[in-house]
Amino acid sequence: MGSATTQARTATAEALASTSGVDLDVARELFAAVGTVSGSAQLSGALSDSSVPAPARAGLVSAVFGSSYRPATVALLSSAAQQRWSTSAEFVEGIEELAIRATAVAESADIEPELFSFSRTVAANGELELALGGRLGDASAKGALVTKLLDGRVSAGTTLIVSSLVQNARGRRVRALLRRAESIVADQRTRIVATVYAAAPLSAEQQTRLQNALSARYGSAVTLNTVIDPTVVGGLRVQIADDVIDASVSARLADLRQRIAG
């Protein structure tokens with residue numbers, strides 16, 4: 001990701017923070033805009049072309065979306081279009097991130113664990129992963145399948161994120177899409193997501209102690225997602241982004257074997 005895109009993402013997130021009236025309908029329109037823009041190389045190129053004056057790009061947003069989308073949605077899309085993006089593909093991803101963040105703003109429910117839970121369901125079911133991630137499947141059918149699986153079981157925001165992402169995967173794997181969405185939601189809510197691998201479920205007291213320890217270490221609230229993994233053999237393995245804390249017995253034994261081997 002280029003430095004221009006990093007700055008554009010920050011500016012777009014700030015625009016969201018200052019926009020009033022952001023609800024799930026706005027988030028839904030932003031996801032729809034992702035499909036429209038990603039489906040037209042001409043449109044995505046024009047909106048992300050830094051050689052075109054920013055007001056002209058904002059004007060194009062109004063021309064394309066102004067008559068059918070809410071003012072808040074158009075304002076957010078205009079803000080995104082006026083930023084400088086490294087590539088048109090990163091501009092599309094930027095709008096998608098904006099849609100996920102808008103969902104996190106509008107939805108009061110705890111989205112991160114719902115996304116994680118569905119990701120684990122997909123990981124455990126190869127047929128489901130193929131149905132949702134196959135290149136040949138019909139996009140609307142994928143969305144309908146997600147709605148059927150999740151409706152009434154998770155928040156409306158989670159259903160919106162998952163159904164929108166699988167309908168416009170753009171060659172990305174379903175689990176990767178869900179992990180990215182989970183990370184964006186956590187960032188929007190100023191949290192860190194920790195994936196905890198343990199041989200057995202943690203008690204409420206253990207979870208609280210671990211959350212407090214991680215919060216103190218990383219200086220932010222921490223959400224725990226627990227994966228039961230028999231190979232851990234006691235102790236825990238915690239992963240936060242690329243940072244891995246391995247306090248499992250198996251890790252200590254492996255380290256001991258390495259030391260003995262010299």
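Modeller: A contact means heavy atoms within 4.5 Å. This is a predicted model, in which local features need pLDDT of at least 70 and side-chain atom pairs count only at pLDDT 80 or more, while totals for chains, interfaces and linings use all residues. Residues are numbered from 1 along each chain as its sequence is written, and side-chain values use heavy atoms, with hydrogens and water left out.

Colleague: How many helices and strands does the protein chain have?

Modeller: Helices (H or I, at least four residues) and strands (E, at least two) are DSSP runs, numbered from the N terminus. The C-alpha trace of the chain spans about 65 × 40 × 35 Å along its principal axes. The count for this chain is 13 helices and 4 strands.

Colleague: What percentage of the 262 residues count as buried?

Modeller: Buried means under 20% relative accessible area, exposed means over 50%, and partly exposed lies in between (1.4 Å probe, protein chains only). Among contacts between residues at least 6 apart in sequence, 72% join residues at least 24 apart. Of the 262 residues, the buried share is 42%.

Colleague: What is the order of strands in the open sheet?

Modeller: Two strands pair if DSSP finds at least two bridges between them. The pairing in this sheet of 4 strands is mixed, and the order is β2-β1-β3-β4.

Colleague: Which are the edge strands?

Modeller: An edge strand of this sheet pairs on one side only. Direction ignored, neighbouring strands are turned by 20 degrees against each other on average. The edge strands are β2 (221–228) and β4 (243–246).

Colleague: Do β3 and β4 run parallel or antiparallel?

Modeller: Strands of a sheet pair through backbone hydrogen bonds, either parallel or antiparallel. V238 stands opposite I245 in β4. β3 and β4 are joined by 4 bridges, and their direction is antiparallel.

Colleague: Which strands does α7 touch where it packs on the sheet?

Modeller: Axes are lines fitted to C-alpha atoms, for helices over the stretch in contact, and angles run from 0 to 180 degrees between N-to-C directions. The direction of α7 makes about 20 degrees with that of β2, and the strands touched by α7 are β1 and β2.

Colleague: At what angle to β2 does α12 run?

Modeller: Helix α12 takes in residues 204–218. This helix lies across β1, β2, β3 and β4. Its angle to β2 is about 130 degrees.

Colleague: How much space lies in the largest pocket?

Modeller: On a 1 Å grid over the protein atoms alone, a cavity is a set of points where a 1.4 Å probe fits but cannot get out, and a pocket is an open set with protein on both sides within 12 Å along at least five of seven lines; lining residues have an atom within 4 Å of a point. Grid points are joined across faces, edges and corners, and a volume is the space filled by probe spheres set on the points. For the largest pocket this comes to about 570 Å³.

Colleague: Which residues lining the largest pocket are closest to its centre?

Modeller: α7 (111–123), α11 (174–188), β1 (191–198) and β3 (236–240) give two or more residues each to this lining. The largest share, 7 residues, comes from α11. Of the 21 lining residues, the closest to the centre are R179, E182, V193, T195 and A241.

Colleague: How many charged residues does the lining of the largest pocket have?

Modeller: Ala, Val, Leu, Ile, Met, Phe, Trp, Tyr, Cys and Pro count as nonpolar, Asp, Glu, Lys and Arg as charged, and the others, Gly among them, as polar. Here 9 are nonpolar and 4 polar, and the number charged is 8.

Colleague: Which element gives the largest share of the lining of the second largest pocket?

Modeller: This pocket has a volume of about 250 Å³. Its lining has 17 residues, with G133, G134, R135, K142 and A169 nearest the centre. α8 (126–133), α9 (139–150) and α10 (156–167) each supply at least two residues. The largest share, 3 residues, comes from α8.

Colleague: Which residues does E129 contact, leaving aside neighbours within four places in sequence?

Modeller: E129 is found in helix α8. Its relative accessible area is 14%, so E129 is buried. Its contacts are V122, G134, R173, V174 and R175.

Colleague: Why does L165 count as buried?

Modeller: L165 is found in helix α10. Beyond four places in sequence, L165 touches F31, E96, I100, L177 and A181. L165 counts as buried because its relative accessibility is 2%.
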